[in-house]
Amino acid sequence: MALARATDGIFTPSHHKNVIQSVGATRTLKANESGSLCLLDRAAGVVYTLPTPVVGMTFEFLATVAVTSNAYKVITAAATQFLLGGIIMGDVTVAQSGDYFEANGTTHVAISANGSTTGGLLGERYTVTAISTTQWVIHGVCHGAGTLADPFATS
């Protein structure tokens, strides 16, 4: 494998992560973008729609800006595709606090962070991985504030 030269060093092609920045309020991810880090980088929120799941496909999400209006939302492409797994959420205003929230794999199609009780604050990070043609497993850490609430949604 040939090495490529960047302006500040050398890197191996295909051994770096593709980074997707939001450029508006919505973004539909493509199957060939699997493995990408998707930035939650818009204070006015962004909705990422996952592609139809193919086993092994994965996307990672990272909040680089706290959402202040609307929400950071990741939603499946169809009402017959679901989230399974869970996230740990900590309250950034109270030391050593937190909760665990689970996506049930049968009705939850989205995770939605509102910038306070359901997460969406700087540094939150989670990954979704397709484990079947109808399910994505999610795991990671969300950052909220106040009385923490379940970020998983049925729509």
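Q: In this predicted model, where buried means under 20% relative accessible area, what percentage of the 155 residues in the protein do buried residues make up?
A: A residue is called buried here if its relative accessible area is under 20%, and that cut-off is applied to a model that is predicted. Of the 155 residues in the protein, the share that counts as buried is 43%.

Q: How many helices and how many strands are there in the protein?
A: Read from the N terminus on, the elements run β-β-β-β-β-β-β-β-β-β-β-β-β-β. The count for the protein is therefore zero helices and 14 strands.

Q: What is the radius of gyration of the protein, and what does the globule rule give for 155 residues?
A: The C-alpha atoms fill a box of roughly 50 × 35 × 30 Å, taken along the principal axes. The protein is as compact as a globular protein of that length, because its radius of gyration is close to the value from the globule rule.

Q: Is Glu-33 buried or exposed?
A: Glu-33 has its place in the loop between strand S4 (26-28) and strand S5 (37-40). Leaving aside residues up to four places away in sequence, Glu-33 touches Ile-20, Arg-27, Thr-28 and Phe-59. Its relative accessible area is 11%, and because the cut-off lies at 20%, Glu-33 is buried.

Q: What is the relative accessible area of Leu-40?
A: Leu-40 is found in strand S5, and residues up to four places away in sequence aside, it touches several others, including Val-46, Tyr-48, Phe-61, Tyr-72 and Tyr-126. Leu-40 and Gln-21 are 19 residues apart in sequence, yet 7.5 Å apart in space, C-alpha to C-alpha. Leu-40 is buried, and its relative accessible area is 0%.

Q: How far apart do the centres of the positive and negative side chains lie?
A: The protein exposes about 7,700 Å², of which carbon and sulfur atoms supply 57%. Its charged side chains comprise 7 positive and 9 negative ones. The centres of these two sets lie apart by 13 Å.

Terms used
Residues are numbered from 1 along each chain as its sequence is written. This is a predicted model: local features need pLDDT of at least 70, side-chain atom pairs count only at pLDDT 80 or more; totals for chains, interfaces and linings use all residues. Side-chain values use heavy atoms; hydrogens and water are left out. Helices (H or I, at least four residues) and strands (E, at least two) are DSSP runs, numbered from the N terminus. Buried means under 20% relative accessible area, exposed over 50%, partly exposed in between (1.4 Å probe, protein chains only). Contact means heavy atoms within 4.5 Å. The radius of gyration is taken over C-alpha atoms; the globule rule is 2.2 Å times the number of residues to the power 0.38. Accessible areas come from the Shrake-Rupley method with a 1.4 Å probe; for residues, only the protein chains shown count as cover. Lys and Arg count as positive and Asp and Glu as negative; His and the chain ends are not counted. The place of a charge is taken as NZ of Lys, CZ of Arg, CG of Asp or CD of Glu.
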